[in-house]
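Hi,

Here is the structure I promised to pass on.

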Amino acid sequence: MSASLALSLWLQSARLQQQTGAALGSTTAPDSNWTLDLLEWVRTSWLSTKLAGLAGMDQAPALPTWAAAAIGAGIAVGIVIGFVSVVAMFSIWLERRVAGRIQSRIGPNRVGPFGLLQSLADGVKLLLKEDIIPSGADRKLFVLAPALVMASALAMFAAVPMADGAGFTDINLGVLFIVGISALATIGVIMAGWSSNNKWALYGAMREAAQVVSYEVPLGISLLVPVIVGGTLELGAASRLQSGWGGSCWFLFQNPFVLPAFVLYFIAALAENKRAPFDLPESESELVAGFHTEYSGIRFSFFFLEEYAAMFLMSAVGTALFLGGWNFPGIDLLKGGWLIAAQLAVFVVKSMFLVLLMIWIRWTLPRMRVDQVMVMGYKYLTPLSLICVVGASVWEVWAAVPFHERPIWMQLFTPVLVFGVCAVLGAMLRKQAIESAAQPTTRSRIAPRAHAAAH
Amino acid sequence: MASSHPQTTSHSGGTAHSGSAAALPFRPAGSGEYDEDGNLKPKFGRPLAEGEREIVMDVRTQDMEMNMGPQHPSTHGVLRVLLRVDGEVVTQAVPYIGYIHRCAEKIGESVEWIQYLPYTDRYDYLAAMNNNLGYSMAVEKLLGVEIPQRAMYIRTICAELNRIGSHLIAFGTYGLDLGAFTPFFYSFREREWILSIFEKICGARLTYSFIRIGGVFNDAPPGWLEEVEAFCDDFEEKWKEYNDLLSDNLIFVRRTADIGVISKEDALAYGLTGPCLRGSGVKYDLRKDQPYELYSKLEFNVPVGEGKKGQLGDCWDRYDVRMQEMRESVRIIRQCLAGIQEGPVLAKLAAALKVPAGHAYVGIENPRGELGHFVISGGDKKAIRLRVRGPSFCNLSILPKMLPGTMLADSVALIGSIDIVLGEVDR
């Protein structure tokens, strides 16, 4: 409820912002408001006309503007909630299957094909569970916290352009908006920890506060690098700027400082989302379950959904700003609806790849300690991201002209560098794996078995 | 609640000093000095110049009491540790035990010699074979009975397999304590095979009662020894995976090296045994120092902590000793498999066993340290007194000394590195 309310209010303001952005000369033309178009289509459809005829009218009357806007926003909210839920449930399924794969077990495979409906079944189960509010809890905050957390995830989603012109919306300050709204979830988490009246939960909340405040700094600064390269804060416009070279001219290949910035962004996003190795707010071996210790049933599932939605969202922002958004080599060959569908698929697959990386990291690494997390954030990530910003700016100023007008060696420098770094890292890992497998065992030192003859 | 420096004294126009104890990341509360009015005394008090003011910033935090356990994921059972915490730093820790006390020693006085064997399974349920062995050897010492050679080989194989199984749990749950989930599943994959090997020889997977007074319950079924060998081959390959995954992981090393350092002197003073003692650099292993059964004939090393990643006797050293011991156990098993011969597996003893009067103490090297059984017999069917010296119980005693000054996350790492089994602490 609160989530929908927050989102609908926000959508209206976003629409307004977009129009003012267009008036101020934004890089994109304002697309038509498709939710309003949908309402208009319904109004002039055959059924509506027939119904209006029964009432003795020529055509169904047009809704007042405020009502149309509210209904339009409601439709958008429904679509966002649906999309977020599906993405989050898929991510949960992915996490469990990948974890199973990593841990040499199977993972959920009973409900639906490949266990795809497992999350749905779990959701139904959580819905039907008893709703428990601890007796010592601050009831209002306790109830409000999961809604606030969920609202932030949903609102963030609305600003991500998934395909050219087919996003929920596209604001010209998209990056700023996302960084701002993502901090809202923190307030929800602190509320949850505080209101639970549980010391472990309080610990989780305090850790979350410290961690997110620290890591928003490198997160924001590393996001500045693609903003400097592209010259826009608008996610859709940034994606459009990466469509050169037949769809492979990503920001990653435009400036040598984008790759380190991307790595820093990814690490900071892990911390921002409370993912391992930074899952201190809910570290179950220390804090039982951290801030959601006292939550159960559907309220718990809100926290759970939010985590996966935020994971996807951070990956989506990374995709849009570093990995070329919806661009992929050869995608230009498609036309019309196919192009939109392909762009959507490319965007979701790229984001899911980053989600997969997060999952992979979670099931591989141990958890860091509180002070180590802080040291890493302030002593390493923040200065490094600042260096990236300075480096990227210097590179852009030195190059002086837009990317496609630069000399060919300068255009090729970054892709060669990126692939070179990847090749060197891969070779090092391979060497390490081979050396580890070749360690001696005790088998050769012992005489062959004598007991074989006994049986 | 804030875990900031409790006191900061600054001179206007001068540098701000924050007092910090040498080793700790934060200074525990209450370490500053206060005057009679309860105000913090300036740390770097010097005569003030004319017009100079000293501002004392005093953020006093309140300590919080937390019950870690008896239901807590990282206390490895029903241990309850009452923690006094100042922010993230533990200032005091008092372990409370006894939640699953079952009067095992008293039961030992009221059941017959052979009937007590199943009770031994239940003290350190992760190393039941070793418990069986310890009790059987104590009774055998009073009986003066000779154990058949084949039985000794099977006993040694089972005890060492059980040691691997127990260390696997220590390894897996230690990863879990530090937030790494995958090692746990890897270790259980191998442990599962060990349990099925045990199931094939005695029908039980956890509480075996297989090694008994006079030998072992039955002979190895056909193919069993081959399977043990196949397990050894497989395990040594899998063991490398564990190191790749956890031992040398930078985060893991940072979480364990230099954390919970137990000095050699402390380890000896608190009566630690097993990997906890050897992790502190003391080369003491009953299999080498008071060889029993076949161990004097077998070749194996006793791994000790070397302070490879940090100080000698830190959590990483204790962890590493367990990892190395698993390999040594494989070596021992291979030698037993090479030397085992046909023959009987159980000495002939009366059904209603009467043990000659006297007393005997036998200590054996359990996975967690020295498991001692002290039995007094009056020449009857039952013991007069049966006393158990449990390694986990003694190792646990160092917790109140080690925990204060560590951070909350480190305290979990410390408890995990001591590797207690509450079934044996409480008995």
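Some housekeeping before more details. This is a predicted model, where local features need pLDDT of at least 70 and side-chain atom pairs count only at pLDDT 80 or more, while totals for chains, interfaces and linings use all residues. Residues are numbered from 1 along each chain as its sequence is written, and chains are lettered from A and ligands numbered from 1 in the order in which they are written. Helices (H or I, at least four residues) and strands (E, at least two) are DSSP runs, numbered from the N terminus.

Helices in chain A

Back to that pair: α9(A) and helix α12 (residues 258-272) of chain A pack at about 150 degrees, and their axes are 8 Å apart. An axis here is a line fitted to C-alpha atoms, for helices over the stretch in contact, and angles run from 0 to 180 degrees between N-to-C directions. The crossing of α9(A) past α12(A) is left-handed, i.e. the near helix is turned anticlockwise from the far one by less than a right angle (clockwise would be right-handed). Among the residues that meet are A:Tyr215, A:Leu219 and A:Leu223 from α9(A), and A:Leu264, A:Tyr265 and A:Ala268 from α12(A). Contact means that the C-beta atoms, placed from the backbone, lie within 7 Å. This contact divides into 15 nonpolar, 2 polar and 2 charged residues. In that count, Ala, Val, Leu, Ile, Met, Phe, Trp, Tyr, Cys and Pro are nonpolar, Asp, Glu, Lys and Arg are charged, and the others, Gly among them, are polar.

Helix α9 (residues 199-230) of chain A also packs with helix α8 (residues 184-195) of chain A: their axes come within 7 Å and cross at roughly 160 degrees. That angle makes α8(A) roughly antiparallel to α9(A). This crossing is left-handed. The α8(A) side includes A:Val189, A:Ile190 and A:Trp194, which belong to a contact with residues of α9(A) including A:Leu202, A:Ala205 and A:Val212. By class, the contact of α8(A) with α9(A) has 9 nonpolar, 3 polar and 1 charged.

Sheets in chain B

One open sheet of 3 strands in chain B has the order β4-β5-β6, paired antiparallel. Strands pair if DSSP finds at least two bridges between them. Its edge strands are β4 (64-68) and β6 (89-96) of chain B, and the twist averages 20 degrees from one strand to the next. β4(B) and β5 (residues 80-86) of chain B share 5 bridges.

Another open sheet of 3 strands runs β9-β10-β11 in chain B, again with antiparallel pairing. Here 9 bridges join β9(B) to β10 (residues 369-377) of chain B; for example, B:Gly358 has B:Ser377 as its bridge partner. Helix α3 (residues 128-143) of chain B lies across β9 and β10 of chain B, at about 150 degrees to β9(B).

Where the chains touch

The contact takes 45 residues from chain B and 37 from chain A. On the chain B side, the largest share, 8 residues, comes from α11(B). That side has 22 nonpolar, 8 polar and 15 charged residues.

Cheers

Note on methods: Angles under 35 degrees count as roughly parallel, over 145 as roughly antiparallel, 65 to 115 as roughly perpendicular and the rest as oblique. Two residues are in contact if their C-beta atoms, placed from the backbone, lie within 7 Å.
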